[in-house]
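Thanks for asking me to look this one over. My notes are below, in the order I would go through them with you at the screen.

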Amino acid sequence: MRLTVLYDPDCPLCAHVREWLGRQPQLVPLGFVPAASPEARRRYPDLDHASTLKEITVVGDGGQVYRDTAAWIVCLWALAEHRPRAQWLATPAGAPFARVSVLAAAKYRALTAAPCDDACELPAPPD
């Protein structure tokens, strides 16, 4: 089993989280691919690549796609030291805390990342 995290390399928060995830002991290997990159488009042609620049997206090797809060939880689940926390965040009791964390990260990203102004909308690759 392997998970691929699609991240925005131009976002300081995304780049920091990617580095942090990569340094953690992993129970499930995490790979990292820049969102909407040619590599991401090649690997996952059916994804909405513009949306992967706006929200964290994780793809399992079986084709599972996790977005938003579920993506953060599955990233934590892959980490040796954070799996118990991820399992709790996936429960009804933990879900509000997971959602608030994702909203806080989105707000921080909105304040610190360069504005997208539809520049993130990449054209579709030629047929």
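Leaving aside its neighbours within four places in sequence, which residues is Q64 in contact with? Keep that in mind while we set out the ground rules. This is a predicted model, in which local features need pLDDT of at least 70 and side-chain atom pairs count only at pLDDT 80 or more, while totals for chains, interfaces and linings use all residues. Residues are numbered from 1 along each chain as its sequence is written, and side-chain values use heavy atoms, with hydrogens and water left out.

1. Let me start with that question. Q64 is in contact with V58 and V59, once neighbours within four places in sequence are set aside; contact here means heavy atoms within 4.5 Å. Q64 sits in the loop between β3 and β4. With a relative accessible area of 29%, Q64 is partly exposed (buried means under 20% relative accessible area, exposed over 50%, partly exposed in between, with a 1.4 Å probe and protein chains only).

2. Now the overall layout. The chain has six helices and four strands, in the pattern β-α-β-α-α-β-β-α-α-α when read along the sequence. Helices (H or I, at least four residues) and strands (E, at least two) are DSSP runs, numbered from the N terminus. Of the 127 residues in the chain, 40% are buried. Among contacts with a separation of 6 or more, 63% come from residues 24 or more positions apart.

3. The sheet deserves a careful look. Its four strands form an open sheet in the order β2-β1-β3-β4, with mixed pairing; two strands count as paired if DSSP finds at least two bridges between them. Because β2 (30–34) and β4 (65–67) each have a single partner strand, they stand at the edges, and one side of each is left without a neighbour in the sheet. From one strand to the next, the twist averages 25 degrees (axes are lines fitted to C-alpha atoms, for helices over the stretch in contact, and angles run from 0 to 180 degrees between N-to-C directions).

4. As a reminder, strands of a sheet pair through backbone hydrogen bonds, either parallel or antiparallel. Here β1 (residues 3–7) and β3 (residues 57–60) run antiparallel and are joined by four bridges, with G60 in β3 as the bridge partner of L3. β1 and β2, on the other hand, pair in the parallel sense over five bridges. In that pairing, L6 has V33 of β2 as its bridge partner.

5. Helix α1 (residues 12–23) lies across β1 and β2, at about 155 degrees to β2. β2 is mostly covered, with four of its five residues buried.

6. The buried residues of α1 are L13, C14, V17 and L21. They cover an arc of only 95 degrees around the axis, so they lie on the same side of α1; the arc is that of the directions from the helix axis to the C-beta atoms.

7. Not counting residues up to four places away in sequence, T52 touches L6, A35, A36, L47, T57 and R67. H49 is also found in α3 and is buried at a relative accessible area of 5%. Under that sequence cut-off of four places, H49 touches A36, A40, R41 and Y44.

8. Finally, please check two backbone angles. A36 is not a glycine, yet has a positive phi of about 60 degrees. A36 is placed in the loop between β2 and α2 (38–43) and counts as buried at 6% relative accessibility. D68, likewise not a glycine, has a positive phi of about 55 degrees. D68 lies in helix α4 and counts as partly exposed at 24% relative accessibility.
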